[in-house]
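Q: Hi, I'm new to this one and would like a quick tour. Can we look at it together?

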Amino acid sequence: MQGLSRWFRLRWSASPGALRTRRAALGAGLVGLTAVGVAGFCLWPSDGGGELPTARVYRDVDACLLTDSHGVTPGVAAAPVWAGMQDASRATKVRVSFLSATGPETRANVEPFVNSLVQEHCSVVVAVGATQVQAVRAVAPRQKDVRFVVVGGGSGAANVSVVKEGSRPEVRDRVRGLLTSLSRES
């Protein structure tokens, strides 16, 4: 045992230059092992089996939905309309969003929400709910550059289309058609 400790003392008490060389070799070895580990991690085959997901690139156009305070939760009248708008978004690469009108269900209270969507540069505004439809009908004549879609009966002004309630395919087709015609006009 004494011979082994003498051997270590002699080896590690070598000249300062030899000690620096040993430290450099040890450091280079650690850097090399780290590089091999990182390369192995990056090149290891994934079990995902497919391409990495990519972000969807949207056109600079927005279609917006105006709902009552219940929003687009399942079971409310706006849910199939929202689903139709999402279908149209996938087909046209247009952004869709929704805004829930809060406060009293009066036309005077909901009109500012319609105006807000217009100011946010929504090219198409879809309205669901009796009060929301009334508010759109009041605002639409003053907003000739915006296309409106109301869900429910009745006739519309020149820039207002009507679709029947609960019809996801009809909403999808109407919104997609309006967005296609807008892209041809610009």
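Q: Let's start with two cysteines: are Cys 64 and Cys 122 buried or exposed?
A: Both Cys 64 and Cys 122 are buried. Keep in mind that this is a predicted model.

Q: What do Cys 64 and Cys 122 form?
A: They form a disulfide, with their sulfur atoms 1.8 Å apart. A search of the whole structure finds one disulfide.

Q: Where in the chain are the two partners?
A: Cys 64 sits in strand E1, while Cys 122 is in the loop between helix H4 (107-119) and E3. The pair links distant parts of the chain, 58 residues apart.

Q: And why is the disulfide called left-handed?
A: The torsion about the S-S bond of Cys 64 and Cys 122 is about -75 degrees, so the disulfide is left-handed.

Q: Switching topic: how many aromatic pairs turn up in a search of the whole structure?
A: The search finds one.

Q: Nice! How many residues does the largest nonpolar core have?
A: It has 21 residues, and Leu 65 and Val 81 are among those with the most contacts inside it. Strand E1 (62-67) and helix H6 (168-185) are among the elements that each supply at least two residues of this core. A second, separate core has 20 residues, including Leu 66 and Val 125.

How values were computed:
Residues are numbered from 1 along each chain as its sequence is written. This is a predicted model: local features need pLDDT of at least 70, side-chain atom pairs count only at pLDDT 80 or more; totals for chains, interfaces and linings use all residues. Side-chain values use heavy atoms; hydrogens and water are left out. Rings of Phe, Tyr and Trp (its six-membered ring) pair if their centres lie within 6.5 Å; planes under 30 degrees apart count as stacked, over 60 as edge-to-face and the rest as tilted. A nonpolar core is a set of buried Ala, Val, Leu, Ile, Met, Phe, Trp, Tyr and Cys residues joined through side-chain atoms within 4.5 Å. Buried means under 20% relative accessible area, exposed over 50%, partly exposed in between (1.4 Å probe, protein chains only). Helices (H or I, at least four residues) and strands (E, at least two) are DSSP runs, numbered from the N terminus. A disulfide is a pair of cysteine sulfur atoms within 2.5 Å.
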